[in-house]
Amino acid sequence: MADVMEFNFKQELLVSLRPMRAFAISLCGKADQADDLVQETLIKAWTNQHSFQPGTNLRAWLFTILRNEFYTYLRKRRREVEDADGVIAGNVAVLPEQDGHMNLQDMNTALAQLPPNQREALLLVSASDMSYEEAAQVCGVAVGTIKSRVNRARARLAEVLGIADSSDLGPTSETRAVLGPAA
Amino acid sequence: MPPAGKSNRDIVAGAIARKLKTHYDDISKQDLPDHLTRLLEQLDELTPVSPPQRTKS
């Protein structure tokens, strides 16, 4: 029984690896730092698997470890100033759209305009498809706090990306697929 | 003019979600770094930490 459980936990870690890496890279903006965070998360998750209750939300448990590692990394670096109100990040940059598709580093640069707590909330809800309740659990805050952070992050990111209203959205990927390069 | 039934805020939220998911997809297409794949292979060598034992006082 222990062998079966160990195998399943490892399989779940494998399945979660790419989503964790996507979250980590988007959170800290640099692949090498993100990979270190993911590595630490995997080690901590594996060595502390007894503290995970099977049947509960493994993804939220893993993402909680990962974001805690991120904040530990920030505190150690002591370079990034806590900017809860987004005052310092107020120097927004509108990034040029290239055929409606941003490259990976452009999006990381845009996300870096957000304070960390807004960035993580937006990533968890809008990119990782977590519910507000799950995201609140990961971040250790109330649901209302997550909703507020997500709304502020969306508004800030829309400003950075130059999305003022629906006329600025450009073609979706589905539209481009139908219309071809001309879209 | 936003489509009927959707506020401009909803449309912008949807657009941002699509861009973020495209961003995630681009990251997911990357090869995993060697040290992460090696770690996954070597997880079995890491001994899970035993839960703390409660002792009767």
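This is a predicted model: local features need pLDDT of at least 70, side-chain atom pairs count only at pLDDT 80 or more; totals for chains, interfaces and linings use all residues.
Local features are given at pLDDT of at least 70 and side-chain atom pairs at pLDDT 80 or more, while totals for chains, interfaces and linings use all residues. Residues are numbered from 1 along each chain as its sequence is written, chains are lettered from A in the order in which they are written, and side-chain values use heavy atoms, without hydrogens and water.

**View 1. The two chains and their secondary structure.** Chain A has eight helices and zero strands, in the order α-α-α-α-α-α-α-α along the sequence. Chain B has two helices and zero strands. Helices (H or I, at least four residues) and strands (E, at least two) are DSSP runs numbered from the N terminus. Of the 183 residues in chain A, 47% are buried; in chain B, 32% of the 57 residues are buried. Buried means under 20% relative accessible area, exposed over 50%, and partly exposed in between, with a 1.4 Å probe and protein chains only. The accessible surface is about 9200 Å² for chain A, with 53% belonging to carbon and sulfur atoms, and about 4200 Å² for chain B, with 50% belonging to those atoms. Areas come from the Shrake-Rupley method with a 1.4 Å probe, and for residues only the protein chains shown count as cover. Among contacts in chain A with a separation of 6 or more, 67% join residues 24 or more positions apart; a contact means heavy atoms within 4.5 Å.

**View 2. Helix α2 against helix α3 in chain A.** Two packed helices are described by the angle between their axes and the distance between the axes. The axes of α2(A) (residues 31-47) and α3(A) come within 9 Å and cross at roughly 125 degrees, which makes α2(A) oblique to α3(A). Axes are lines fitted to C-alpha atoms, for helices over the stretch in contact, and angles between N-to-C directions run from 0 to 180 degrees. Angles under 35 degrees count as roughly parallel, over 145 as roughly antiparallel, 65 to 115 as roughly perpendicular, and the rest as oblique. The crossing of α2(A) and α3(A) is right-handed; a crossing is right-handed if the near helix is turned clockwise from the far one by less than a right angle, and left-handed if anticlockwise. From α2(A), the residues in contact include A:Leu37, A:Val38 and A:Thr41, and from α3(A) they include A:Trp61, A:Ile65 and A:Phe70. By class, this contact of α2(A) with α3(A) has nine nonpolar, two polar and four charged residues. Ala, Val, Leu, Ile, Met, Phe, Trp, Tyr, Cys and Pro count as nonpolar, Asp, Glu, Lys and Arg as charged, and the others, Gly among them, as polar.

**View 3. Helix α3 against helix α5 in chain A.** Helices α3(A) (residues 58-77) and α5(A) (residues 116-127) pack at an angle of about 160 degrees with axes 12 Å apart. The two helices are therefore roughly antiparallel, and their crossing is right-handed. A:Phe63, A:Arg67, A:Phe70, A:Tyr71 and A:Leu74 of α3(A) meet A:Pro116, A:Asn117, A:Arg119, A:Glu120 and A:Leu124 of α5(A). The contact of α3(A) with α5(A) comprises six nonpolar, one polar and three charged residues.

**View 4. Helix α6 of chain A and the residues around A:Val138.** A:Asp129, in the loop between α5 and α6 of chain A, has a positive phi near 60 degrees although not a glycine. In α6(A) (residues 132-139), A:Glu134, A:Ala135, A:Ala136, A:Val138 and A:Cys139 are buried. The buried residues of α6(A) pack against α3, α5 and α7 (143-161) of chain A. A:Val138 has 2% relative accessibility and so counts as buried. Leaving out residues up to four places away in sequence, A:Val138 touches A:Ala60, A:Phe63, A:Thr64, A:Arg67, A:Leu124 and A:Met130. The C-alpha atoms of A:Val138 and A:Leu124 are 8.8 Å apart, for a sequence separation of 14 residues. A:Gly140, which follows α6(A), has a positive phi near 70 degrees.

**View 5. Helix α4 of chain A.** Six of the eight residues of α4(A) (residues 104-111) are buried. They are A:Leu104, A:Asp106, A:Met107, A:Asn108, A:Ala110 and A:Leu111.

**View 6. Helix α7 of chain A against helix α1 of chain B.** The axes of α7(A) and α1(B) (residues 8-28) come within 10 Å and cross at roughly 75 degrees, which makes the helices roughly perpendicular. A:Asn151, A:Arg154, A:Leu157, A:Ala158 and A:Leu161 of α7(A) contact B:Arg9, B:Val12, B:Ala13, B:Ile16, B:Lys19 and B:Leu20 of α1(B). Seven nonpolar, one polar and three charged residues form the contact of α7(A) with α1(B).
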